[in-house]
Amino acid sequence: MAADLQDAQLDLIRISIAGSVDDGKSTLLGRLLLETGQIYEDQYAALERGSAHRGEASVNLAHLTDGLKAEREQNITIDVAYRYMTTPTRRFIIADTPGHQQYTRNMVTGASTADAALILVDVQNGVTDQTRRHLFICSMLGIPQVAVIVNKMDLVDYAETAFTAIQTELKALVGRLQMPPLTYIATSAVVGDNVMRRTDAMPWHIGPTVLEFMEGLSAATWLNPPELRIPVQYVVRPDRTFRGYAGRIASGTVRRGDELLALPSRQHAKVERLSNVDGPADEAGTGENVIIELDRNVDVSRGDLLVRPRNAPFATRAFEAIVCWMGNARSVRGKSYALRQTTREVSATITEVMYRFDVATYHRENVTELGANDIGRVAIQTGQPMFLDTYQHNRAIGAFILIDSITNEVVAAGTVTSTARTDEAAELVSEAPVVWLIGLSGAGKSTIADAVAERLRLQGVPVARLDGDDLRGGLNSDLGFSPEDRRENLRRAAHVAKLFARAGNVTVCSFITPTEADRALVREVIGESFIETYVKASLETCEGRDVKGHYKRARAGELPDFTGIGSVFEEPKHSELVLDSEGTAVDECATRLTELINERR
Amino acid sequence: MNTALRELEAEAVYVIREVVAQFERPALLFSGGKDSTVIAHLASKAFAPAPIPFPLLHVDTGHNFPETLEFRDRLVERLGIRLAVHYVQDSIDAGLVSEETGPRASRNALQTVTLLSAISALNLDACIGGARRDEEKARAKERFFSHRNTQGQWDPKSQRPELWNLFDGRKHKGEHFRVFPLNNWTELDVWRYIAAEAIELPSLYFSHERETIERDGTLWAWIEYIQPEPGEVPVKRRVRFRTVGDATCTAAMLSEAATVEDVIRELLELRVSERASRMDDRRSESAMEDRKARGYF
Ligand SMILES: Nc1nc2c(ncn2[C@@H]2O[C@H](COP(=O)(O)OP(=O)(O)O)[C@@H](O)[C@H]2O)c(=O)[nH]1
């Protein structure tokens, strides 16, 4: 078939658009739709009739997107509406989120599936509470691509200063949020400047037009977590001979023959057959709807999770989350709600409201309950175990809603920020990995370990750090540097690391660990979750760096058993990962190690 | 298939499976049109190798194109799916509704009553429909899982928020849901999908010669259910239908598009919307919303 009939390269991009009432959002959308040819003649004619009927001087583009009768009558948009727009390279689903009543709830709804957000600012009003609120929500939902559209530039004579003032204010503001850099666009939606094309009005404008920004978007900017997560949606069982587990892959890739772990039953089974919507397949990836047949009978039903045995999520009955309250009734501590996360539904109570964000100032306010449109941080406890990744790490797994079990209304939308394990739950999952960085003094172990720990923390992963120097300062202050003491130092360190890992922390340890025997000992104590990482640098390099002056003192005979000088460092033979710190930047080393950890988590 | 279409297919299959997982007695509302045919196709893919685990419900106004009924029966046979037919005529006979009269009479509005009585007779808790958000302004705000109260009514002002892909299908006794797996599809997406998957459609969708009358600038099939007005004479024209439903409110358009590819090419050039060919929408600017609030599809 001809290429233009199938458009093989068309990507689907979901955008949310928000602004305060009268910032010009509907006008902008109307113009985009009209000028990209999405409006049919009869729709335009209806628009003309409507405008004439209301006695408006010219056709009001804003009414193209006002759906409900009540909205037309009151001249406001009251619910999220979805618009569709196609350009030669992109297919857009635009969630048009109203800026009036229930603004927060609507924007959170519209933005929950968005790959990008457009936020309108009326240049005459500058940055308002509403703007700050919208940016806050983008940050809460982790939207990777955000543009601020400074509209109505025609009303300030297209003055660059008016635009840059807003830009400067917002740059300072978003510095306080976790957010990607914003794109700034100056427009007049009514006139059409910088919407579809550049006009002569703002020669100073260096940013893209709205359309250019949209066409430059990608659906693939989300963190694509490597770990396999398949929430079981439905068990297909037409007769005794067939039993398949249907689900949409939240992340990762599954192949025929893979060994899977079913949660919460913790039973293992192999993928015997796999099919996607087109029939039998050898492998399937993120976003695909699959049906999996396992090689043995295991206890699996809707709401369960299929994962890889060595890469299970946190099992917990208690976690913390940022929630946006949507119900009309306020949150009640201790009340039983239904919680839906992936396909899993459990009972849940809010055990504590830690604070509410003032979404205009970003201050935290102490409150004990949340009301409609509040965003706050809460602690939640569930009746049945949950299998969680943080939202930042895995959007599909870390998102949930709370439902009032009496009225069936959705009362809150939440994103998991951290998980706390209960003892019982700890038994349910494999231990977190213990990463053991070995290498000469000065090879870069601690620097890389710190960088990795920091990255994991940013992903919301609980981390513990153990360092040789620290341990020797306290727990092991009775030990010297004889081979026996060195061995004892490592034995204790390994046991401490194991305890940390068992409590769910990825434990990053930096110890010289000079001999193969030492490494075998540590491996033995820690077991399966041990990841040996060799930070490789030649003795000459390390001695040249000599950050702590140890080598100099060793050469002078002051440190008799110093590794590399007075005692041996055996070249490691069994490391899972070798990082050449002479040829590779710290950043790159940290990236490679973090990736390995995330695969094994 | 382009990447956008693949994503829309995945979304729809997910929604259809979610219906079966969350509801006890769902059904697929079947109109004979392309959208419900595409859903039937998606459902067969969603559960293969198992058969589609819900029946097809056809609310029959009695004013059908024969091609539609013949197509319906073949589809049911091929998919091995159960068919339930409820007749508007029965609602009329039972005195639940009274028939419109005159040349513009249509049973389209009466369908609502028959549908609601079918829902209660079959005790359905979810009806899957082929409506799409791009069809009409009021539909732009439709949810995937759209709640209906015990009277079958839609309240656009108190819709449940729908976030991520977490659908809330909890309900009280007597309430039900309408579910729209194709919400995010456009007319062009539907046709591109039909092309990519080689889905069979009623021949009405393709150019054929037919006796038609012209009324208010619109072409109508000259069939027994349409009462002529003075001076209206049927003329043979090459036409096709852009939407297919009740024969009295489905307008024809002049067209030479004989294949799916022709139709796509035609759509890429077309300047009027799909619903312009439906009489029921032309009655007022908020016609669709009013009908939806009463429990229409
Ligand atoms: N001068 C000027 N007026 C605008 C511009 N954009 C929108 N407006 C006007 O601002 C008013 C509100 O616009 P509308 O699109 O309905 O705002 P919404 O509430 O954000 O959807 C209308 O009267 C528009 O004509 C603009 O760029 N310049």
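Start with the charged side chains of chain A: 66 are positive and 81 negative, and the centres of the two sets lie 4 Å apart. Lys and Arg count as positive and Asp and Glu as negative, with His and the chain ends not counted; each charge is placed at NZ of Lys, CZ of Arg, CG of Asp or CD of Glu.

This is a predicted model, in which local features need pLDDT of at least 70 and side-chain atom pairs count only at pLDDT 80 or more, while totals for chains, interfaces and linings use all residues. Residues are numbered from 1 along each chain as its sequence is written, chains are lettered from A and ligands numbered from 1 in the order in which they are written, and side-chain values use heavy atoms, with hydrogens and water left out.

**Chain A as a whole**

Show the C-alpha trace of chain A, which spans about 95 × 70 × 60 Å along its principal axes. Colour by secondary structure to see 17 helices and 28 strands; these are DSSP runs numbered from the N terminus, helices (H or I) of at least four residues and strands (E) of at least two. Of the 601 residues, 58% count as buried, meaning under 20% relative accessible area with a 1.4 Å probe, protein chains only.

**The parallel sheet**

Select E25, E26, E24, E27 and E28 of chain A: in that order, these 5 strands form an open sheet with parallel pairing. Two strands pair if DSSP finds at least two bridges between them. E25 (463-467) and E28 (577-580) of chain A stand at the edges, each with a single partner strand, so one side of each has no neighbour in the sheet. The twist from one strand to the next averages 20°.

Zoom in on E24(A) and E26 (506-510) of chain A, joined by 4 bridges; Leu437(A) has Ser510(A) as its bridge partner. Axes are lines fitted to C-alpha atoms, for helices over the stretch in contact, and angles run from 0 to 180 degrees between N-to-C directions.

**Helix H14**

Select residues 516-526 of chain A, where the buried residues include Arg519(A), Val522(A) and Ile526(A). Their cover includes E24 (434-438), H13 (483-502) and E27 (530-536) of chain A. Just after H14(A), Gly527(A) takes a positive phi of about 85°.

**Chain B**

Finish at E7, E8, E10 and E9 of chain B, 4 strands that close into an antiparallel barrel in that order.

Notes. Buried < 20%, exposed > 50% of the residue type's maximum accessible area, 1.4 Å probe, protein only. Contact = heavy atoms within 4.5 Å.
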